[in-house]
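Hi everyone, thanks for making time. I'd like to walk you through one structure today, so let me put it up on the screen.

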Amino acid sequence: WRDWSSDVCSSDLSPANCLHVGDSLHSDVAGANGVGMAAMHIDPLNLCDDHEHGHSPSFQQFVADLLR
């Protein structure tokens, strides 16, 4: 379990200006969204059909797309 409030409070950025990248729908996506942060779901098997957040097949692909 992750204490998202302490992560957000330790930076000068507001949650609305942050993006969390993770592979767990429950821990990463729901946790980030719960504090007002956007989420990118690393879903290599393309199993998630929730369109409320972004998806990428791998972290490497996410970074490559980000750098384009």
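Let's begin inside: which residues make up the largest nonpolar core? There are five residues in it: Cys18, Val29, Ala32, Met37 and Ala39. Before I go on, please keep in mind that this is a predicted model. As a general point, nonpolar side chains tend to be buried together in soluble globular proteins.

Let me stay with Ala39 for a moment. Leaving aside residues up to four places away in sequence, Ala39 touches Leu19, His20, Val29, Ala32, Asn33, His53 and Gly54. Two of those names, Val29 and Ala32, also belong to the core.

Now for the sheet. Three strands form it, in the order β1-β2-β3, and the sheet is open with parallel pairing. At the edges sit β1, residues 19-22, and β3, residues 54-56, each pairing on one side only. From one strand to the next, the twist averages 25 degrees.

Strand β2 covers residues 38-42 and is joined to β3 by three bridges. If you want to find one of the pairs on screen, Met40 has Gly54 in β3 as its bridge partner.

And what lies across β1 and β2? That is helix α2, residues 25-34, running at about 165 degrees to β2.

Last, the charged side chains. The count comes to one salt bridge. Asp65 forms it with Arg68, with the closest N and O atoms 3.1 Å apart. Asp65 counts as partly exposed because its relative accessibility is 37%, between the 20% and 50% cut-offs. Arg68, at 75%, is over 50% and therefore counts as exposed.

That's my tour, and I'm happy to take questions!

Key. Residues are numbered from 1 along each chain as its sequence is written. This is a predicted model: local features need pLDDT of at least 70, side-chain atom pairs count only at pLDDT 80 or more; totals for chains, interfaces and linings use all residues. Side-chain values use heavy atoms; hydrogens and water are left out. A nonpolar core is a set of buried Ala, Val, Leu, Ile, Met, Phe, Trp, Tyr and Cys residues joined through side-chain atoms within 4.5 Å. Buried means under 20% relative accessible area, exposed over 50%, partly exposed in between (1.4 Å probe, protein chains only). Contact means heavy atoms within 4.5 Å. Two strands pair if DSSP finds at least two bridges between them. Helices (H or I, at least four residues) and strands (E, at least two) are DSSP runs, numbered from the N terminus. Axes are lines fitted to C-alpha atoms, for helices over the stretch in contact, and angles run from 0 to 180 degrees between N-to-C directions. A salt bridge is a side-chain nitrogen of Lys or Arg within 4 Å of a carboxyl oxygen of Asp or Glu.
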